[in-house]
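Good morning. I will take a few minutes to go through one model with you, starting from a loop.

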Amino acid sequence: MPLKTSEEYLESIKRPVNLYMFGEKIKEFWNHPIIQPSINTVMKIYELAQKEEYKDLLTATSHLTGEIINRFTHIHQSVDDLIKKIKMQRLLGQQTACCFQRCVGFDAANALYSVTYEIDENIGTNYHERFKKYWIEVQNQDLMVDGAMTDTKGDRSKRPAQQPDPDAYLRIVDENDEGIIVRGAKVHQTGFLNSHKAIIMPTLTLRPGEEDYAISFGVDTNEKGITLVYGRQSCDTRKMEEGKLDIGNYKYGGQEIFVIFDNVFIPNENIFMKGEVKFSGDLVNRFAGFHRQSYGGCKVGVGDVLIGASALISEYNGTERASHIRDKLVEMVHLNETLYSCGIACSSLGFQREAGNYEMDMLLANVCKQNVTRFPYEIGRLAEDIAGGIICTLPSEADFKSEEIGPLISKYLSTCEGISPDDRYKLLRFIENLTMGVASVSYRTESMHGAGSPMTQRIMISRQANLEEKKKLIKKILDIE
Ligand code: SF4
Ligand code: FE
């Protein structure tokens, strides 16, 4: 059965990569305190897939090989698969309280599966078979795959080919009989360093004349010519301090990478789109749609943990019976479950593509993500309200544990009888971390910009809105010709 254990996963990513952080080259990144929590997260989700109780959600049967595979490598074969994806993501958000990084390649693969089929049907290429072969390897080895879409984009008022620097969008710079050579950069790459492979896609719908930018391919994340720069995040150096409580979520975390492709060779067998501008928009929109669906699962799971933290801190503060606190918790649950409803709804209305795989409902997936750009902020605001101002005035762990000043801090941080100041300290730091520290990247900024900034969903909503049909409805009721 091709399911990696968490230890096998860890061993498999111990490879040489060209990685920089704080201006220095990082060797053995798996031992770096800033990076380790992001690896713990991925190890945790590999570990959970081994457990009998989660088998139904975290594994699936491959339609390509008949083997039991990790669901993150599955191509959806039914509406039920789409729904299980959301349930899995909520579960993993609940267990890690952060971005677990493995959904991007999963969503890219599901988009590419149908798009490659349709390119072949239309122009007689052989991308679909190539992609299936590539993906069977991923399934058989239970590999983690990133999906890379966002280019640096240079001057936003100009098209790719008109940029002062043509590398502002990743492009083909040369080609030969064996493959292509690409140059450019992909930014905001969630989990790229922790992934074995990545699927690269165009960042926008391309037009005739922009063929060099209409490319999609698979690549090993440590391929020659790839340079990685670790994205720094608010309060990240707390992970390098002694002690762990000031980190907040000290076990788990996400990871964002700046990825530079400097003349990277891609062999033909790993290329899944090359110059077919007509299909670039389908790939972009389907990938974005799948990832907007994802947010109706993962962010809800993290929201569950934050609501739990808020309820617990109200107990620790002795405010849990106050009616306004109870109402705020109800509001948080209402917002969080609305997001989940969107994730489940766009999955339930999924449909089958010609290639045979299933896809979520595009309109509802975009509505889902549009809500995700707002509700986690409100949930976070309510968490801060319930926790109190102390989440940003708390002394450091070093003071809290100091023999000299520590006892006095503990004395004055004590609240209700039976509540340990240690536990309250941990919880306050966790809420701080999720609403304004490192983890706020996963819960807030990623909710805003991940899978596309709010405006990109509004464009898709306007395209699917079908106002003509709605006008017909009112005309019919009022007998308007
Ligand atoms: Fe998965 Fe959510 Fe992270 Fe995207 S933001 S990779 S959907 S956990
Ligand atoms: Fe994301």
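Lys153 sits in the loop that joins strand 5 (145–148) to strand 6 (171–176); strands here are DSSP runs of E with at least two residues, helices are runs of H or I with at least four, and both are numbered from the N terminus. This is a predicted model, in which local features need pLDDT of at least 70, side-chain atom pairs count only at pLDDT 80 or more, and totals for chains, interfaces and linings use all residues. Residues are numbered from 1 along each chain as its sequence is written, chains are lettered from A and ligands numbered from 1 in the order written, and side-chain values use heavy atoms, leaving out hydrogens and water.

Lys153 is not a glycine, yet its phi is positive, about 75°. Most residues other than glycine have a negative phi. His188, in strand 7 (residues 179–190), also has a positive phi, near 55°.

Is His188 buried or exposed? It is exposed, at 56% relative accessible area, while Lys153 is partly exposed at 25%. The cut-offs are under 20% for buried, over 50% for exposed and partly exposed in between, with a 1.4 Å probe and protein chains only.

Now the ligand. Residues around ligand 1 include Cys99, His291 and Glu446; to count as near, a residue needs a heavy atom within 4 Å. Helix 5 (103–123) and helix 7 (277–317) each give two or more residues to this shell, and helix 7 gives the most, 5 residues. Domain 1 (6–78 + 96–277) and domain 2 (282–465) each supply at least three, with bounds from an automatic or database domain assignment.
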